[in-house]
Amino acid sequence: MLGTFLRPDAKDIIARAWADKHVKRHALEVIEQGYTVVRGAIPEKQCEETIADFRRLEAANSEIFAANRDAKGHYPRIVSLHSAMPSLVKLFTRNKRWLATQDLLFGARTALYTSLFYETGSQQAIHRDSPLFCTRPEYLYFGSTV
């Protein structure tokens, strides 16, 4: 299966799709620019509650978390934190416009596969995830930042 966003006629498929005009706009931005920004998708209160949930999880597991801080006391990267924090999952599953955009771009329903939590930025050399991270069928994933 070739995701819609990889097809040569992707723009035409998106233009003809039965989708909200904002979803179409975001999908076309991904096709044309390689990214889109969905502003206001998550209420600020929900973000604050998720941060508070993380702080509670951190306090309840202080020995584990303390051993994984960088030299400045920050967490450089926590993989699949959504498995331990249902509120983190909601940042992705309740983001209706972005979910609909991804569904349109994939030509299939979106699923949350993994997550990376950064307390600070993740400055990295330019790279492609595909050689190290793959899906079957291939290329059906997006990196999404909340």
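This is a predicted model: local features need pLDDT of at least 70, side-chain atom pairs count only at pLDDT 80 or more; totals for chains, interfaces and linings use all residues.
Residues are numbered from 1 along each chain as its sequence is written, and side-chain values use heavy atoms, with hydrogens and water left out.

**Helix α3 with helix α5**
- Helix α3 (residues 44–60) packs with helix α5 (residues 86–93) at an angle of about 150°, their axes 9 Å apart; axes are lines fitted to C-alpha atoms over the stretch in contact, and angles run from 0 to 180 degrees between N-to-C directions.
- That angle makes α3 roughly antiparallel to α5 (under 35 degrees is roughly parallel, over 145 roughly antiparallel, 65 to 115 roughly perpendicular and the rest oblique).
- From α3, Q46, C47, T50 and D53 meet S87, L88, K90 and L91 of α5, where contact means heavy atoms within 4.5 Å.
- The residues of this contact of α3 with α5 divide into three nonpolar, three polar and two charged (Ala, Val, Leu, Ile, Met, Phe, Trp, Tyr, Cys and Pro count as nonpolar, Asp, Glu, Lys and Arg as charged, and the others, Gly among them, as polar).

**Helix α2 with helix α6**
- Helix α2 (residues 21–33) and helix α6 (residues 96–106) have axes 9 Å apart and pack at an angle of about 60°.
- That makes α2 oblique to α6, and the crossing is right-handed.
- H22, V23, K24, H26, A27, V30 and I31 of α2 make the contact with R97, W98, A100, T101, L104 and L105 of α6.
- By class, the contact of α2 with α6 has eight nonpolar, three polar and two charged residues.

**Overall fold**
- The protein chain has six helices and two strands (DSSP runs numbered from the N terminus, helices being H or I of at least four residues and strands E of at least two).
- Along the sequence, the pattern of the protein chain is α-α-α-α-β-α-α-β.
- The C-alpha trace of the protein chain spans about 55 × 35 × 25 Å along its principal axes.

Terms used
A crossing is left-handed if the near helix is turned anticlockwise from the far one by less than a right angle, and right-handed if clockwise.
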